[in-house]
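Work through the exercises below with the sequence and the model open. Each task is followed by a solution in steps.

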Amino acid sequence: MRISRAIVLFAAVIATLSACSSGGEKTDNAAKPSSQAPSVAPSSSSAPTGGAGAKEPCALLPADAVGKAVSIQGVTSAPGPVQDNAANGGKAKSCVYSAAGKQIGALAVTRFEGNKIKPAEMVAALKKAKQNAKDVAGVGEGAIYYTDENKTATLAAAELVDNVPVLVNYTGPAKMTQDMMTPLVKTAVDAN
């Protein structure tokens, strides 16, 4: 369950850092952080779209792509936790990838509606918070890869989608290299 904790920690880092970079944030329609009961059973490739024109994370990154990256067959995906932060307008949805009953990674997509933070500011804030972060070229408008003390690896990319700042990140076990994660996050960013 380290990956679930990593998603929550990542959302907290972004929430704190982006709040410092923003002015007046919009807080309407803020949902309570909860385990929203999805109406979709775990599947290998589909999830509903919805929510302010944004696609669900499971629709952005097929489970078979994750399986190929980690060389595991039978990977499934299911909607993960929802984390909303009324203070900065961050609304994070996630998709959890599993195989043989164990989590093998998660994709989180955080939309900052009402927050004018720029993708470069998001990446700079993450680099400041994560001392071992390395720039990753060719994904979104800026991306970084890092590992942390929880023995997880994360590749995060920032972009603007319909003039809304969006952060897309994949978190998996520390053995996942930048080369393994880059195509996963690029697939999700390109589909967003």
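**Exercise 1.** In which strand is the place of Ser94?

Solution. Ser94 belongs to strand 3; helices (H or I, at least four residues) and strands (E, at least two) are DSSP runs, numbered from the N terminus. The model is predicted, so local features need pLDDT of at least 70 and side-chain atom pairs count only at pLDDT 80 or more, while totals for chains, interfaces and linings use all residues. Residues are numbered from 1 along each chain as its sequence is written, and side-chain values use heavy atoms, with hydrogens and water left out.

**Exercise 2.** Classify Ser94 as buried or exposed, and give the distance from its side chain to the backbone oxygen of Pro81.

Solution. Step 1: buried means under 20% relative accessible area, exposed over 50%, and partly exposed in between (1.4 Å probe, protein chains only). Step 2: Ser94 has 5% relative accessibility and therefore counts as buried. Step 3: a polar atom of the Ser94 side chain lies 2.9 Å from the backbone oxygen of Pro81.

**Exercise 3.** Describe the largest nonpolar core.

Solution. Step 1: such a core is a set of buried Ala, Val, Leu, Ile, Met, Phe, Trp, Tyr and Cys residues joined through side-chain atoms within 4.5 Å. Step 2: the largest one has 31 residues, and those with the most contacts inside it include Leu61, Tyr97 and Tyr170. Step 3: the elements that each supply at least two of its residues include helix 3 (63–70), strand 3 (90–99) and strand 8 (164–173). Step 4: helix 5 gives the largest share, 5 residues. Step 5: apart from this core lies another, of 11 residues, among them Ile117 and Leu167.

**Exercise 4.** How many aromatic pairs does the structure hold, and how is the pair of Tyr97 and Tyr170 arranged?

Solution. Step 1: rings of Phe, Tyr and Trp (its six-membered ring) pair if their centres lie within 6.5 Å; planes under 30 degrees apart count as stacked, over 60 as edge-to-face and the rest as tilted. Step 2: there is 1 aromatic pair. Step 3: the ring centres of Tyr97 and Tyr170 are 6.1 Å apart and the planes stand at 40°, so the pair is tilted. Step 4: Tyr97 is in strand 3 and Tyr170 in strand 8, so the pair ties together parts 73 residues apart in sequence. Both Tyr97 and Tyr170 are buried.

Conventions. Polar contact = N/O pair within 3.5 Å; in protein donor to acceptor, adjacent residues only side chain to side chain.
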